[in-house]
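Hi,

Here is the structure I promised to pass on.

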Amino acid sequence: MDLKLLRSFILLADAGHYGKAADKLFVTQSTLTKQIQALETSVGGELFERGRHGARLTVLGKLLKKEAHKLLRLSDEVDARMRRANAGLAGLLDIAFGISTLILAPRLIADFRAGTPDCQIMLDDLPSSEQHQRLLDGRLDAGFCRAPGDAEGLSFMPLLEERLALVLPLAMDEPPLSRLSVLNDLGFVALSPGRGSGLDAQILRWCAASHFEPRIIQYAEDILTVHAVVAAGLGAAFLPLQGVEALGGRTRQWQLSGPESRWPVGLCWRSDDRNPLLLRFVDHIRAMAH
């Protein structure tokens with residue numbers, strides 16, 4: 001049903017006179033008459049009785065007026081939502097985060113939503129490598145992760161510097177770096193191959209630079225499980241320092257040193273994404289970061 005015709009119909013019903021309604025619509029009476037006739041053809045019956053009294057609604061006209069108000073109100077609401085979406089004030093964002101931003105990402109997102117209450121945000125916990133791939137595939141809008149190795153197609157805004165940490169059960173003391181091999185008696189817990197390729201490569205580079213080869217005794221599917229195994233006293237691990245600190249004091253952590261012990265973590269998104277809500281989110285995070 002033509003909304004323009006419905007608006008003319010409502011105005012005529014309220015005015016009760018073709019001449020008055022035509023003046024308010026800035027059209028001729030003949031034009032208004034044709035609009036009402038077209039609407040009557042659409043609904044299949046007369047909407048007005050014309051006479052010296054002006055234009056009086058028929059029974060069908062009264063019913064249409066009631067329903068037309070609902071349709072026009074819904075149309076106005078949709079138009080308003082679309083305008084807000086185009087202004088980056090409404091919509092849906094799929095955002096992922098990793099353990100290094102377990103505290104930072106929710107805080108930044110909550111602050112954004114406070115100023116953009118009409119937006120919806122879906123959150124998912126994903127390793128950096130999977131975030132990068134989902135971003136490139138268009139299955140993710142933004143991610144809090146390590147910088148992508150191949151930045152083609154992706155933009156990255158650094159937010160913090162993560163550090164590699166040696167994580168041990170509470171009962172254990174840190175051995176000297178020159179005697180890390182004693183930890184191989186206990187053994188190391190690590191992420192399953194492919195689950196955290198960025199962290200795995202970071203650990204391998206640090207171990208190579210430190211001339212140390214850890215004895216892996218168990219693999220796990222996520223960092224939370226790795227940490228839980230260490231907390232139970234069943235092994236040691238190399239994990240992101242800020243991520244482990246966010247999990248509570250169930251283990252002991254020592255920050256490692258050297259150029260291979262640190263890496264940037266920040267916000268990543270597709271460079272060509274023109275989603276107004278995403279662009280507003282990126283601008284908000286940039287402002288918060290500075």
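First, the ground rules. This is a predicted model, where local features need pLDDT of at least 70 and side-chain atom pairs count only at pLDDT 80 or more, while totals for chains, interfaces and linings use all residues. Residues are numbered from 1 along each chain as its sequence is written, and side-chain values use heavy atoms, with hydrogens and water left out.

The structure holds 14 salt bridges (a side-chain nitrogen of Lys or Arg within 4 Å of a carboxyl oxygen of Asp or Glu). One of them pairs Asp-173 with Arg-252, with the closest N and O atoms 2.9 Å apart. That pair links distant parts of the chain, 79 residues apart: Asp-173 is in the loop between strands S6 and S7, and Arg-252 is in strand S10 (helices are DSSP runs of H or I, at least four residues, and strands are runs of E, at least two, numbered from the N terminus). Asp-173 is exposed at 58% relative accessible area, whereas Arg-252 is partly exposed at 28% (buried is under 20%, exposed over 50%, partly exposed in between, using a 1.4 Å probe and protein chains only).

Asp-283 also forms a salt bridge, with Arg-286, at 3.2 Å between the closest N and O atoms. These two sit 3 residues apart in helix H10, so about one helical turn separates them.

Now the histidine: His-132 is in helix H6 and is buried, at 12%. Beyond its neighbours within four places in sequence, its contacts (heavy atoms within 4.5 Å) include Cys-145, Leu-154 and Cys-268.

Cheers
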